[in-house]
Amino acid sequence: FYFTCRPPSLIFCGNSFDPSFSIFQGIPWTEEEHRMFLLGLQKLGKGDWRGIARNFVVSRTPTQVASHAQKYFIRQTNASRRKRRSSLFDMIPEV
C-alpha cells in the first residue's frame, strides 16, 4: 500500500485535506471503551476480538480491539518490571 502522488500524512476528501489528521495515527481509547473492553474480555475471553468489538466496544473494529488487547497484555506483563506513568491500561476489571 504505497502513496505515489501525495504524502501519507495527509487525508484528502475531494478537493480539501486536513494535514492535522494522519492516517497512521489512531484515536486514543476512552476510559469507557477500555472499561467495556475489560468487561468483554471477562465475558468472552482472550482471542474473541470480533465478539468484543460487536457486543462490547461497538465503536471499534475487531482489528482495533486486537491491537488494544496486544498493548494491554504487554503492559500487564511489564507492570512488575519497571514503574511507568499511569495509563488507561492500568485499569483493572471490576468484579
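Author: Happy to! One term comes up again and again below: two residues are in contact, or touch, when they have heavy atoms within 4.5 Å of each other. Please also keep in mind that this is a predicted model.

Leaving aside residues up to four places away in sequence, W29 touches H34, F37, V57, R60, Q64, V65, H68 and L88.

Now step back to the whole chain for a moment. The chain has 3 helices and 2 strands, and along the sequence they follow the pattern β-β-α-α-α. Among its 95 residues, 26% count as buried. If you take the contacts with a separation of 6 or more, 39% of them join residues 24 or more positions apart.

Next, the part you asked about. Helix α1 covers residues 31-44 and helix α3 covers residues 62-78; their axes come within 12 Å and cross at roughly 85 degrees. Angles of 65 to 115 degrees count as roughly perpendicular, and α1 and α3 are therefore roughly perpendicular to each other. On the α1 side, the contact is made by H34, F37, L38 and L41, while α3 brings V65, H68, A69, Y72 and F73. Sorted by class, the residues of this contact are 7 nonpolar, 2 polar and no charged ones.

Let us zoom in on A69, which lies in helix α3. Its relative accessible area is 0%, and A69 is therefore buried, since buried means under 20%. Not counting residues up to four places away in sequence, A69 touches F37 and W49. The C-alpha atoms of A69 and K46 are 8.4 Å apart, although 23 residues separate the two along the chain.

Finally, see how these pieces join up. The largest nonpolar core has 14 residues, and those touching the most other members are W29, F37, L41, W49, I52, V57 and V65. Helices α1, α2 (49-55) and α3 each supply at least two residues of this core. In soluble globular proteins, nonpolar side chains tend to be buried together.

Note on methods
Residues numbered from 1 in each chain as written. Predicted model: local features only at pLDDT ≥ 70, side-chain atom pairs only at ≥ 80, totals over all residues. Heavy atoms only, no water. Axes fitted to C-alpha atoms, helices over the stretch in contact; angles between N-to-C directions. Helix = DSSP H or I, 4+ residues; strand = E, 2+ residues; numbered from the N terminus. Parallel < 35°, antiparallel > 145°, perpendicular 65-115°, else oblique. Nonpolar A, V, L, I, M, F, W, Y, C, P; charged D, E, K, R; others polar. Buried < 20%, exposed > 50% of the residue type's maximum accessible area, 1.4 Å probe, protein only. Core = buried A, V, L, I, M, F, W, Y, C linked by side-chain atoms within 4.5 Å.
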